[in-house]
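Please consult the sequence and the structure shown below while reading.

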Amino acid sequence: MDADGLRGVDCAAVTSPRARTGAVLAVGSMSCVQLGLAASVDLFARVPPEGVAALRLVWAGLLLLLLVRPRPSAFTRSSVGASAGLGVVTAGLTMLFMAAVARIPLGTASAIEFLGPLGVAVLRGRGTGIVWPVLAAAGVLLLTEPWRGGVDPVGVGFALAAAACWAAYILLTQRVGDQVTGLQGLAVSIPVAGLVSAAVAAGTVPGLVSALTVPVLLAGLGLGLLLPVVPFALEMLALRRLTTGAFGTLMALEPAIALVVGAVVLGQLPTLLGIVGIVLVVTAGVGAARTGGREPLDDEQAGDVLAAFPACSTGLPDR
């Protein structure tokens, strides 16, 4: 291939509209997650973190069943299994992270948990793509400063387990998104996650039922929309447009978004190291988004949000 051809290939990769769209969807997802976590602070005083996680997932599962109305004809045996597996992994990710932050600082837990998507990015990266995970890892360390204070080994274990679940979540979400049209797969995985988390919470949180007052249930409904319905849907759509390596590195933006949300919503101003960390992870995220576009799927129209939510569409055929 001549020099002009090489330049053309490079330009196409860097300016891919699919990669840019995927990056916007991923950043929107992470913003919803951090806003949802900030909004959960008051609820933690009335319901333990495990109960809040279960409440969010149960409401989210009910909402998706109502809005998406999954059709059996949309699934094969393989895609049903992948969707159910994604649900179990989602429940594990949510509850294990809550268990970790109950024992170790949030920043430390976030840095350890990020090993999951970082590992996916490193394993799936090619050539100079490894630069972005390394840069992101440095930024996450500066943002979270995990070297400060003592660390509970049980909490570290929970965070490592959450990291493994996050890596599996990324891989399974892309698999389900590729095999199942629209958000049908999500309408199976999240109800499964709700059932699994509810069973775990019922067995580990004494007096959970008595704590579920009407205000708590309504708050849980709002949180179920903000976290995880909207962000998980955005992530699945993003993973149709980005490689798993690029998506895993792009998720490094989440600690930076958390720092911004903390400063704006909770008044937690970043340190100098935090600002440097933001610069590093933003740089890594931009690099991943500009080089991680996927080839279009044959059923590209399946990613359309209106088609995925037939109850909300107007004048469109029910696919």
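## A loop residue with positive phi

Arg 69 lies in the loop between α4 (49–68) and α5 (77–101); helices are DSSP runs of H or I with at least four residues, numbered from the N terminus. Its phi is positive, about 50°, although Arg 69 is not a glycine. Most residues other than glycine have a negative phi. Arg 69 counts as partly exposed because its relative accessibility is 42% (buried is under 20% relative accessible area, exposed over 50%, partly exposed in between, with a 1.4 Å probe and protein chains only).

## Basis and confidence of the model

The model is predicted: local features need pLDDT of at least 70, side-chain atom pairs count only at pLDDT 80 or more, and totals for chains, interfaces and linings use all residues. Residues are numbered from 1 along each chain as its sequence is written, and side-chain values use heavy atoms, leaving out hydrogens and water.

The chain averages a pLDDT of 75, and 79% of the residues score at least 70; pLDDT is the predictor's confidence in each residue, from 0 to 100. Confidence is highest in helix α10 (residues 186–204), at a mean of 89, and lowest in helix α16 (residues 305–308), at 38. Where pLDDT is low, the predicted coordinates should not be read in detail.

## Crossing of α9 and α12

The axes of helix α9 (residues 153–179) and helix α12 (residues 214–238) come within 9 Å and cross at roughly 70°. Axes are lines fitted to C-alpha atoms, for helices over the stretch in contact, and angles run from 0 to 180 degrees between N-to-C directions. The two helices α9 and α12 are therefore roughly perpendicular (65 to 115 degrees). Tyr 169, Thr 173, Val 176 and Gly 177 of α9 meet Phe 232, Glu 235 and Met 236 of α12.

## Buried positions and cores

Ser 29, in helix α2 (residues 17–39), is buried, with a relative accessible area of 0%. Apart from residues up to four places away in sequence, Ser 29 touches Pro 231, Leu 234 and Glu 235.

The largest nonpolar core has 50 residues; Leu 64, Tyr 169, Ile 170, Leu 183, Leu 186 and Phe 247 touch the most other members. Such a core is a set of buried Ala, Val, Leu, Ile, Met, Phe, Trp, Tyr and Cys residues joined through side-chain atoms within 4.5 Å. Helix α9 supplies the largest share, nine residues.

Note on methods: Contact = heavy atoms within 4.5 Å. Parallel < 35°, antiparallel > 145°, perpendicular 65-115°, else oblique.
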